[in-house]
Amino acid sequence: MELARRRGFIWPSFEIYGGVSGFYDYGPLGASIKNRVETLWRKFFVAGEGYMELSSPTIGVEDVFVASGHLSHFVDPIVTCEKCGDSFRADHLLKERGVDTEDLSYPELQRELEKNKITCPSCKGALSPIKTFNLMFGTSVGAGERRAYLRPETAQHIFILFSRLYEFYRKKLPFGISQIGRAYRNEISPRQGLLRLREFSQAEVEVFVDPREKEVHERFSEIEDEKMVLVTGEDKKLKIKAKEAVEKKLVAHQTLAYHMIRTLQFLISVGIPSEKIRFRQHKNTEMAHYACDCWDVEVSTKRYGWVEVVGIADRTDFDLRSHIEESGADLTAFVRLEDAKEVEKTVLDPDMKKLGPVFRENAGEVGKLLGKADPANISADGSILIDLNGEEIRVEKEMFTKKNVRERVEGEKIIPHVIEPSFGIDRIIYAILESAYSEEERGGESRVVLKLKRDVAPYDLAVFSLVSKGGLDERALEICEMMRKAGFLTFFDTSGTIGRRYARADEIGIPFAVTVDFQTLEDNTVTVRDRDTMEQERVSIDALTQRLKKAEIDHS
Ligand code: GAP
């Protein structure tokens with residue numbers, strides 16, 4: 001963290017005004033890494049899986065969060081110090097005292113606070129009784145006309161666009177949609193750097209599936225032999241192939257397991273070692289209000305222990321169903337039956353001669369409505385009520401008869417289920433930086449090196465001159481410009497000894513250093529130094545871009 005601040009990866013926000021916890025700025029190096037992680041994510045999930053991207057407003061109107069359940073469920077138990085006014089999460093205070101709070105209700109948490117005589121960690125003042133605190137940042141649209149909130153997840157905008165997306169995907173299931181963007185949570189006293197932010201970046205995918213088909217994923221055979229470490233809801237720990245995990249019902253179905261393995265592959269590709277990654281299943285007591293099976297992808301960190309970086313959930317039809325109920329919109333999919341079938345059904349047959357004199361100019365419309373009416377709604381006296389332009393009217397029994405007809409049924413309406421991998425970009429960046437950080441001793445010298453994967457390093461290469469005289473700086477600058485034009489993020493540095501410059505480049509993870517020396521002026525070659533091995537090779541300038549070209553991403 002000291003290095004990250006000193007060299008410009010991340011800085012606490014609002015520093016000149018005293019700082020506010022839970023907000024960080026990415027400096028130039030951090031922003032570069034973040035862009036690259038997101039680019040890789042797009043390669044995996046947008047290009048690799050075909051989950052096209054949305055870009056939605058970060059503000060949502062209140063109705064969205066009434067339906068999603070965030071207004072009522074997205075709450076934490078807090079206590080406030082009666083002396084200094086600081087607020088804390090009650091469960092966190094208890095956990096710090098070693099109390100297991102997992103299954104405790106609010107009254108039980110309150111009893112534990114009292115039993116353990118817990119006071120304010122800042123000033124030892126007395127604490128208020130537990131209150132619930134909603135984590136969404138509230139705001140209003142216009143001059144207070146409509147209550148709104150900063151979105152606590154990017155997902156909701158995908159759900160409310162379902163019918164448009166369904167059209168976009170030519171009315172076929174399954175399909176996936178992704179979104180990378182900011183999410184906001186008004187966390188209580190966040191004290192874990194990039195891990196618990198009040199504004200953070202999520203990369204989410206919502207895969208809409210026919211619930212009867214999620215058992216099978218069409219690309220499952222590509223990953224079925226990949227292994228993952230699971231910690232099940234019953235705390236059973238095992239390393240197992242995706243195929244076996246599904247067969248043994250440890251993971252609910254192939255669609256979930258497929259996305260778990262893709263997530264594992266992505267995390268490895270950005271530089272998190274596989275042995276530091278595990279999947280922990282939510283216990284029933286911690287499952288989000290919308291999910292039926294949920295796995296946290298956790299990374300082992302030196303500083304914070306196991307940290308959740310991705311959540312992979314089967315959200316069932318919870319979200320679409322809730323938005324249907326709240327908005328009245330049709331968010332269903334029409335699933336064609338493999339064999340269309342003929343069914344016999346009873347319908348009402350209007351007698352127009354009798355309807356005409358009674359309903360006059362409305363008779364035609366009443367006739368049509370009768371044709372669509374459900375015979376089950378006929379009252380005991382044989383009449384039926386129908387809705388004519390908002391008005392309920394009674395049609396007497398003499399005005400229609402019942403008849404049986406045969407009808408072709410092509411398919412049925414269903415509410416799709418949603419499988420959601422939800423990535424926290426900032427936590428992933430923390431895990432990448434911590435995994436890459438190393439201190440080495442070589443030949444009596446020590447160095448700090450960030451062994452970042454090439455695809456997520458903040459620069460592709462550095463260009464140096466061996467010394468600043470004899471036209472070497474000028475030649476180095478020419479090479480730097482050549483590499484920039486070729487699309488490489490190139491760092492140029494002429495200050496200090498070459499040894500110091502290598503050390504500074506290693507410390508921020510630049511994979512290659514290209515050095516111009518006097519031989520360059522004679523034969524147009526430079527040295528290319530590898531950050532990790534520190535070995536140097538001589539390369540012709542003409543071959544430099546080819547030599548440093550990135551390897552294509554392997555999606556297999
Ligand atoms: N749409 C599902 C959802 O939002 P979540 O588990 O609440 O699920 C997904 O969040 C991911 O977002 C987490 O795995 C974590 O990486 C990241 N995340 C959540 N809250 C965060 C916070 N306060 N600061 C930084 N990252 C956070």
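**Close-up views of a predicted model**

View 1. Y17 counts as exposed because its relative accessibility is 72%, and exposed means over 50%. The structure shown here and in the other views is a predicted model. Y17 is placed in the loop that lies between β1 (10-12) and β2 (24-26). Together with F14, I16 and V20, Y17 forms a nonpolar patch on the surface. The accessible area of these residues together is about 520 Å².

View 2. D103 is found in the loop between α5 (90-96) and α6 (106-115). With a relative accessibility of 55%, D103 counts as exposed, because the term applies over 50%. On the surface, D103 gathers with D100, E102 and E108 in a patch of negative charge.

**View 3. The open sheet of nine strands.** The strands of this open sheet follow the order β3-β10-β11-β21-β16-β15-β14-β12-β13. Their pairing is mixed. At the edges of the sheet stand β3 (52-53) and β13 (237-241), each of which pairs on one side only.

**View 4. The pairing of β14 with β15.** Within the order of the sheet, β15 and β14 are listed side by side. Strand β14 comprises residues 277-281, and strand β15 comprises residues 293-301. These two strands run antiparallel and are joined by five bridges. Which residue of β15 is the bridge partner of Q281? The partner is W295.

How values were computed. Residues are numbered from 1 along each chain as its sequence is written. This is a predicted model: local features need pLDDT of at least 70, side-chain atom pairs count only at pLDDT 80 or more; totals for chains, interfaces and linings use all residues. Side-chain values use heavy atoms; hydrogens and water are left out. Patches are made of residues with over 30% relative accessible area and no salt bridge: like charges are joined within 9 Å, nonpolar side chains (Val, Leu, Ile, Met, Phe, Trp, Tyr) within 5 Å. Accessible areas come from the Shrake-Rupley method with a 1.4 Å probe; for residues, only the protein chains shown count as cover. A salt bridge is a side-chain nitrogen of Lys or Arg within 4 Å of a carboxyl oxygen of Asp or Glu. Lys and Arg count as positive and Asp and Glu as negative; His and the chain ends are not counted. The place of a charge is taken as NZ of Lys, CZ of Arg, CG of Asp or CD of Glu. Helices (H or I, at least four residues) and strands (E, at least two) are DSSP runs, numbered from the N terminus. Buried means under 20% relative accessible area, exposed over 50%, partly exposed in between (1.4 Å probe, protein chains only). Two strands pair if DSSP finds at least two bridges between them.
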